Amino acid sequence: MEKIYTGKTKDVFQLDNGNVLLKFKDDCTGKDGKFDPGENAVGLTIEGIGRENLKTSIHYFELLKEAGVKTHYVSANVEDATMEVLPAKVFGHGLEVICRLVATGSFIPRYGAYIADGTKLPGGYVETTFKDDAKGDPLVTKDGLVALGVMSADMYDSMKEQTLAITKVVADDLAKKGLELYDIKFEFGYDKNGEVILIDEIASGNMRVYKDGSIVDPMDLTAMILGK
């Protein structure tokens with residue numbers, strides 16, 4: 001089994017059957033030792049968070065399957081903290097797609113002159129960033145992605161539509177548990193047929209969730225999501 005990529009929170013291996021294996025790690029994005037899904041660098045290590053993120057991903061990928069949403073998910077092994085997925089190509093050198101339901105985090109330093117922290121964003125606000133640590137994951141618009149040849153306009157529209165739909169599935173599930181989703185981060189790619197699909201994970205470490213006005217840390221969030 002050949003390792004083909006080392007990421008912040010997981011390693012990626014090529015399988016003999018043509019699929020790909022994701023190995024979840026215990027690293028989280030954050031700053032100064034504090035968890036923050038909006039940061040673009042590993043800020044801390046939480047023992048066991050890799051398996052917890054995998055459990056959350058399984059939960060939501062299965063929900064999406066029931067809803068008829070195609071993703072790269074095939075199967076998972078919680079004990080080994082691994083997930084088998086279909087092969088897909090990333091856009092450019094990698095994109096992150098953020099859906100914000102509440103204005104907070106990095107949104108406020110950028111746009112705080114126009115909106116207060118905690119303001120709801122009805123319907124969801126979608127933004128895309130390049131995965132580029134050296135440049136701080138710069139924002140990029142639809143027009144920019146098309147002009148740069150990263151994706152077509154139709155691909156972007158599909159990605160945005162799926163982002164909003166998937167976010168609603170996650171937000172509705174959290175709401176049933178008394179939790180409020182503020183924002184969530186996804187990654188998309190395209191399969192051999194050129195179809196845009198959700199890739200990577202839907203993990204506790206990639207979403208900002210509040211309960212009774214306080215942010216929920218990833219380990220506690222997984223337990224709440226899975227009803228433990």
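Student: Which residue in strand 3 stands opposite Asp-11?

Tutor: This is a predicted model, in which local features need pLDDT of at least 70 and side-chain atom pairs count only at pLDDT 80 or more, while totals for chains, interfaces and linings use all residues. Residues are numbered from 1 along each chain as its sequence is written, and side-chain values use heavy atoms, without hydrogens and water. Strands (DSSP runs of E, at least two residues) and helices (H or I, at least four) are numbered from the N terminus. Strand 2 (residues 10-14) and strand 3 (residues 20-24) pair in the antiparallel sense over five bridges, and the residue opposite Asp-11 is Lys-23.

Student: Is Thr-6 buried, partly exposed or exposed?

Tutor: Thr-6 is found in strand 1 (residues 2-6). Buried means under 20% relative accessible area and exposed over 50%, with partly exposed in between (1.4 Å probe, protein chains only). The relative accessibility of Thr-6 is 48%, so the residue counts as partly exposed.

Student: What is the handedness of the crossing of helix 1 and helix 4?

Tutor: The axes of helix 1 (residues 49-66) and helix 4 come within 11 Å and cross at roughly 115°. A crossing is left-handed if the near helix is turned anticlockwise from the far one by less than a right angle, and right-handed if clockwise. The crossing of helix 1 and helix 4 is right-handed.

Student: Which residues of helix 4 meet helix 1?

Tutor: The buried residues of helix 4 include Ile-166, Val-170, Asp-173 and Leu-174. From helix 1, the contact is made by His-59, Tyr-60, Leu-63 and Leu-64. Their partners in helix 4 are Ile-166, Val-169, Val-170, Asp-173 and Leu-174.

Student: What span does helix 4 reach from its first C-alpha to its last?

Tutor: Helix 4 (residues 153-175) has 23 residues. The expected span of a helix is 1.5 Å times one less than its number of residues. The span of helix 4 is close to the expected value, at 33 Å.

Student: At roughly what angle do the axes of helix 1 and helix 5 cross?

Tutor: Helix 1 passes helix 5 (residues 218-225) in a left-handed crossing. Their axes come within 10 Å. They cross at roughly 35°.

Student: How many residues of strand 10 are buried?

Tutor: Strand 10 (residues 95-102) pairs with strand 11 (residues 120-130) in the antiparallel sense over seven bridges. Four bridges join strand 10 to strand 13 (residues 180-190), again running antiparallel. Strand 10 is largely enclosed by the rest of the structure, because the number of its residues that are buried is eight of the eight.

Notes. Axes are lines fitted to C-alpha atoms, for helices over the stretch in contact, and angles run from 0 to 180 degrees between N-to-C directions. Contact means heavy atoms within 4.5 Å. Two strands pair if DSSP finds at least two bridges between them.
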